[in-house]
Amino acid sequence: MRAFTFLFVLVIAGLQLNLAHARVEFREFDKPEVEARYNKLVDELRCLVCQNQNLKGSNSDLAKDMRNKVFEMISAGKTNKEIVDYMVARYGDFVLYKPPFKPMTLMLWLGPLLFFIIALISVIRIVKQRNKADSIEELSEEEHKRAQALLNKGDSQ
Amino acid sequence: MLKLKFLIPLIAFFVLVVLLFAGLSNDPRRVPSPLVGKPAPAFELPRLSDPSVTFKPQVLLGKVWALNIWASWCGGCRTEHPVLNELARQDLISIIGFDYKDTNDQAQAWLNQYGNPYRLVVTDQKGTVGFDYGVYGVPETFFIDKKGIIRYKHIGPISYKDLTEKIIPLIKELKAES
């Protein structure tokens, strides 16, 4: 029974591996640099249909068309920049899986960092204040006697 | 209790809530088109009624027109079709049908069944021209002015509300331009 469960889990795990690298077409590359460029571009461009996936992982028809276009353009001798510009001209900045560093996306890039810095400053200030409250000032001789007298008075009542 | 240092986290929280709801109300599927304000890409495609004849959009220069991307396999196109039929009935502009990644037989059968609001239909079976127009989902409709510039891209089905509140005023505005 144990062996069967183990085998079952193994099969399911194996199937998951396939899905993670799902690709609908088989492509021949004549040079390793071409393959490297293709993989890089297909990794950095977004599938407009399945919007949380890049072109590499998406099974949609449009992604397939876009991948073909990328391959076609690499084969035609276009540079990476030309290919990306071509896609952006048709689909907009959203096609870039990694948002570009532009005035509009500045908040996107710097926002989390800004919040973190503010949070850090706040934490430092709170800890400092707490440390101040913790330090007890020593009483002078006279104040100590007064305090003692008051405490004794309280006890006797 | 209304000390500033207590108010600041509260205000920050409210700002975040506002941003969250603003973000949630945006539809990520409506990707803005970079083609708005640019000339409609030129093409030459065969006509559905007679594939030996081609159509080029240059012939429509000087007129306001709409390019409706549709397909017989597209459910949303079925939804918006009555609205397109209504727009055609009003006879304000020419609507050119752009049959995307479809087969001629199925496209023609679909039009026979649901009505044909199109002045003419071109077929883009491979989707290569659609690529130039940044088509990523069907239906999509482009509204082009007399100078051949794309002025508005409507993503998704056009509803009656869209038609009366947005599309028809836009068409009238574009037609009034020289």
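Which residue just after α3(A) takes a positive phi?

1. The residue is A:G77, with a phi of about 90°. The model is predicted, and every point below should be read accordingly.

2. Helix α3 of chain A comprises residues 61-75. From the first C-alpha to the last, its 15 residues reach 21 Å, close to the 21 Å expected at 1.5 Å a residue.

3. The buried residues of α3(A) include A:L62, A:M66, A:V70 and A:I74. An α-helix has 3.6 residues a turn, so residues three or four places apart point the same way. Among the elements covering the buried residues of α3(A) are α2 (32-44) and α4 (80-91) of chain A.

4. In chain B, helix α2 (residues 75-89) should span 21 Å because its 15 residues are counted at 1.5 Å each; the end C-alpha atoms lie 22 Å apart, which agrees. After α2(B) comes B:D91, which has a positive phi near 55°.

5. B:H81 is also among the buried residues of α2(B), together with B:C77, B:E80, B:L84 and B:L87. Their cover includes β3 (65-70), β4 (94-100), α3 (104-114) and α5 (160-176) of chain B.

6. B:I144 belongs to strand β6 (residues 140-144) of chain B. This residue counts as buried because 23 C-beta neighbours lie inside 10 Å, where the cut-off is 20 or more. Leaving aside residues up to four places away in sequence, B:I144 touches B:A40, B:W65, B:L67, B:I149, B:I150 and B:R151.

Key
Residues numbered from 1 in each chain as written. Chains lettered and ligands numbered in written order. Predicted model: local features only at pLDDT ≥ 70, side-chain atom pairs only at ≥ 80, totals over all residues. Helix = DSSP H or I, 4+ residues; strand = E, 2+ residues; numbered from the N terminus. Expected span 1.5 Å × (residues − 1). Buried ≥ 20, exposed ≤ 12 C-beta atoms within 10 Å, placed from the backbone. Contact = placed C-beta atoms within 7 Å.
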